Amino acid sequence: MTDTRWLDEDEQRAWRAYLRMQAQLTARLGRQLQADAGLSLADYEVLVQLTDAADGRLRPFELQRCLQWEQSRLSHHLARMQRRGLVERQECPEDARGAFVAITEAGRAAIETAAPGHVATVRRLFLDHLGRDQLRTLEQLADQVTAGIDADG
């Protein structure tokens, strides 16, 4: 094993602050969605991807790629959402073995109910604490880290 490059004090403070922020935001956004709309944050993420798709449906591998979830997590989560009537599986005419995951009318109604409160919470807990220059910097930092992750394979 090579020598470990331990985090210095500044790096450790920044990393831990990021983890704290991410954990707190995730927890608060999840509680808000559950209380206001009966959705989990994971439900919301799936519904957002499907509503962003032109015809409200995606192949499971496309959804998996967008969400960065393991296949088993996606499969189990979609099964729970399907039982609740939020999504449905549709046959793929071009690929007899394939299928689409499609948002249902109940799924559309759920995200339309959830979105205003979710956006308000995102603003209150995150965006309202940052100026335009900070938002641009945050976007640049996120893009830079994401590009590094992508390059790492």
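**Figure 1. Contacts of V87 in the predicted model.** In this predicted model, V87 touches V46, L47, L50, L78, M81, Q82, V101, A102, I103 and T104, not counting residues up to four places away in sequence. V87 is also listed among the residues with the most contacts inside the largest nonpolar core, together with L39, V46, L47, L50, L63 and L78. That core has 24 residues. At least two residues of the core come from each of α1, α2, α3, α4, β3 and α5 (105-125). Helix α2 gives the most, with 6 residues.

**Figure 2. Strand β3 and its two partners.** Strand β2 (residues 87-91) pairs with β3 in the antiparallel sense, over 5 bridges. Within this pairing, E88 has A102 of β3 as its bridge partner. Strand β1 (residues 57-58) also runs antiparallel to β3, and 2 bridges join them. On that side, L58 stands opposite V101. In a regular strand the side chains alternate between the two faces of the sheet.

**Figure 3. Helix α4 and its buried face.** Helix α4 (residues 71-83) has 13 residues. From its first C-alpha to its last, α4 reaches 18 Å, close to the 18 Å expected at 1.5 Å a residue. Which residues of α4 are buried? They are L74, H77, L78 and M81. Seen down the axis of α4, these buried residues fall within an arc of 100°, so they line one face of the helix. An α-helix has 3.6 residues a turn, so residues three or four places apart point the same way. The cover over the buried residues of α4 includes α2 (41-52), α3 (60-67), β2 and β3. The exposed residues H76 and R83 sit on the face turned away from the buried side. Just after α4, G85 takes a positive phi of about 80°.

**Figure 4. A salt bridge between R84 and D43.** The structure holds 4 salt bridges, and one of them is formed by R84 and D43. The closest N and O atoms of this pair are 3.0 Å apart. R84 lies in the loop between α4 and β2 and D43 lies in helix α2, so the pair ties together parts that are 41 residues apart in sequence. D43 counts as buried, at 2% relative accessibility, because buried means under 20%.

**Figure 5. Two salt bridges within helices.** In helix α1 (residues 9-37), D10 and R13 lie 3 residues apart, about one turn of the helix. Their side chains meet in a salt bridge (2.3 Å, N to O). D10 counts as exposed, at 52% relative accessibility. In helix α6 (residues 132-152), R136 and D133 are 3 residues apart, so they are separated by about one helical turn. The side chains of R136 and D133 meet in a salt bridge (2.4 Å, N to O). R136 is partly exposed at 45% relative accessibility, and D133 is exposed, with a relative accessible area of 55%.

**Figure 6. G98 in the loop between β2 and β3.** G98 lies in the loop that links β2 to β3. Is G98 buried or exposed? Its relative accessible area is 14%, and G98 is therefore buried. Leaving out residues up to four places away in sequence, G98 touches R59, E91 and C92. G98 and R59 are 39 residues apart in sequence, while their C-alpha atoms are 7.8 Å apart in space.

**Figure 7. Q68 and its positive phi.** Q68 is found in the loop between α3 and α4. What is the phi of Q68? The angle is near 60°, a positive value in a residue other than glycine. Most residues other than glycine have a negative phi. At 66% relative accessibility, Q68 counts as exposed.

Terms used: Residues numbered from 1 in each chain as written. Predicted model: local features only at pLDDT ≥ 70, side-chain atom pairs only at ≥ 80, totals over all residues. Heavy atoms only, no water. Pairing = 2+ DSSP bridges. Helix = DSSP H or I, 4+ residues; strand = E, 2+ residues; numbered from the N terminus. Expected span 1.5 Å × (residues − 1). Buried < 20%, exposed > 50% of the residue type's maximum accessible area, 1.4 Å probe, protein only. Arc of directions from axis to C-beta. Contact = heavy atoms within 4.5 Å. Core = buried A, V, L, I, M, F, W, Y, C linked by side-chain atoms within 4.5 Å.
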